[in-house]
Amino acid sequence: MKEYKTIIVQLDHDKATILLNRPKQHNALNPELISDMHEALDELARNDQVHFVVFAGEGRSFCAGADISWFANAVNREKSENWQEYLQMADLLKKIYNYPKVTIAAAHKNVLGGANGLVAACDFAVAEKSTAFAFGEVKLGIIPATILPFVAKRLSTQNLKKLMFSGERIWTAEAQTIGLVDFVAEDDRRWEVVNKLISELQQVSPNALKACKNLVLKVDSGEVNTDSSEYTAAVLAELVESEEGQEGLRAFLEKRKPDWSALKISEN
């Protein structure tokens with residue numbers, strides 16, 4: 001893997017960890033960090049050995065949202081330049097949301113502003129008990145525009161209003177109740193929960209997991225719906241006849257654990 005200025009990418013068998021690495025700025029997002037994440041995700045997408053990508057933050061925070069100095073200096077740039085930079089942020093969240101591998105956010109201490117977009121775009125979100133979440137943009141005279149569509153995938157409209165209109169800070173327990181967080185970890189033990197989740201997902205068929213995520217995204221986007229019977233039947237037929245499908249079915253009938261290790265991972 002390439003070395004980046006604002007992130008650290010760690011590879012461990014089928015897991016990749018992307019650490020936001022601007023600890024003095026509480027890992028605040030800026031154009032360089034966003035660009036580094038785009039490039040790292042593109043590189044990891046091409047790595048067939050990686051099935052899971054975890055996002056975490058170095059230092060005292062997961063991420064403090066957008067770097068305020070970046071936004072404050074917008075008046076010194078052309079509007080088209082600002083638009084292009086904000087588009088890169090929106091496209092990063094879209095890339096994470098549609099990523100071909102399972103994505104997990106491992107949050108601690110502070111998840112502020114745009115950081116909530118990173119959490120919401122992931123398949124799963126783990127947070128330590130003392131983590132604070134806030135959408136404080138309105139207090140700065142702006143709004144969480146680029147992240148809102150992704151947060152709206154997890155939160156009800158009423159919770160969006162409650163949190164985004166007020167900038168109110170909430171903690172992990174409430175974040176889990178409203179759907180922003182999936183799993184809660186004791187403080188300083190988020191990696192135990194992340195690794196337990198990955199260990200459970202490693203027991204399933206890699207191809208089936210990938211195909212299931214792809215189908216969920218198609219249903220979510222409206223591309224596949226209740227009228228898509230021919231398509232969904234074709235997906236099932238292909239998987240049933242696949243090497244992994246046959247291995248899983250035989251293993252069940254033979255009362256043994258399936259062995260996915262020798263089977264080829266689909267590129268589709």
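Three strands form an open sheet in the order S5-S7-S8, and the pairing is mixed. The model described here is predicted. At the edges of this sheet stand strand S5 (110-112) and S8, each pairing on one side only. From one strand to the next, the twist averages 20°. S5 pairs with strand S7 (residues 132-134) in the parallel sense, over 3 bridges. Asn110 has Ala132 in S7 as its bridge partner.

## The sheet of six strands

A further open sheet has 6 strands. Their order is S1-S2-S3-S4-S6-S9, with mixed pairing. Which strands stand at the edges? They are strand S1 (7-12) and strand S9 (183-185). Each has a single partner strand, so one side of each is left without a neighbour in the sheet. Neighbouring strands of this sheet are turned by 20° against each other on average, direction ignored.

Strands of a sheet pair through backbone hydrogen bonds, either parallel or antiparallel. The table lists some parallel pairs in this sheet.

| Strand pair | Sense | Bridges |
|---|---|---|
| S2 (residues 15-20) and S3 (residues 52-57) | parallel | 6 bridges |
| S4 (residues 102-107) and S6 | parallel | 4 bridges |
| S6 and S9 | parallel | 3 bridges |

Single residues mark these pairings. Thr17 has Val54 in S3 as its bridge partner. Ala127 stands opposite Val184 in S9.

Is strand S6 (residues 124-128) mostly covered or mostly exposed? S6 is mostly covered, with 4 of its 5 residues buried.

Helix H6 spans residues 157-166. Its buried residues are Asn159, Leu160, Leu163 and Met164. Why do they lie on the same side of H6? They cover an arc of only 105° around the axis, which puts them on the same side of the helix. An α-helix has 3.6 residues a turn, so residues three or four places apart point the same way.

What do the buried residues of H6 pack against? Their partners are helix H5 (148-151), strand S8 (169-171) and helix H7 (172-178). After H6 comes Gly167, with a positive phi near 75°.

Lys213 sits in helix H9 (residues 206-221). Is Lys213 buried or exposed? Its relative accessibility is 11%, so Lys213 counts as buried. The side chain of Lys213 makes a polar contact with the side chain of Asp123, at 2.8 Å. Which residues does Lys213 contact, leaving aside its neighbours within four places in sequence? They are Ile96, Tyr97, Tyr99, Lys101, Val102, Thr103 and Asp123. Val102 falls in strand S4 (residues 102-107), and Tyr97 is found among these contacts.

Lys257 lies in the segment after helix H11 (243-253). Lys257 has a relative accessible area of 72%, and is therefore exposed. The C-alpha atoms of Lys257 and Asn21 are separated by 40 Å. Along the chain, these residues are 236 residues apart.

## Aromatic rings

How many aromatic pairs does the structure hold? There are 5 aromatic pairs. Phe71 and Tyr86 form one that is edge-to-face. Their rings are 5.3 Å apart centre to centre, with 75° between the planes. This pair links distant parts of the chain. Phe71 is in helix H2 (residues 68-72), whereas Tyr86 is in helix H3 (residues 79-97), 15 residues apart.

How accessible are these two residues? Phe71 has 28% relative accessibility, so Phe71 counts as partly exposed. Tyr86 also counts as partly exposed, because its relative accessibility is 26%. Trp70 joins the group too: ring pairs link Trp70, Phe71 and Tyr86 into a cluster.

Terms used: Residues numbered from 1 in each chain as written. Predicted model: local features only at pLDDT ≥ 70, side-chain atom pairs only at ≥ 80, totals over all residues. Heavy atoms only, no water. Buried < 20%, exposed > 50% of the residue type's maximum accessible area, 1.4 Å probe, protein only. Helix = DSSP H or I, 4+ residues; strand = E, 2+ residues; numbered from the N terminus. Arc of directions from axis to C-beta. Contact = heavy atoms within 4.5 Å. Polar contact = N/O pair within 3.5 Å; in protein donor to acceptor, adjacent residues only side chain to side chain. Phe/Tyr/Trp six-rings, centres within 6.5 Å; stacked < 30°, edge-to-face > 60°. Pairing = 2+ DSSP bridges. Axes fitted to C-alpha atoms, helices over the stretch in contact; angles between N-to-C directions.
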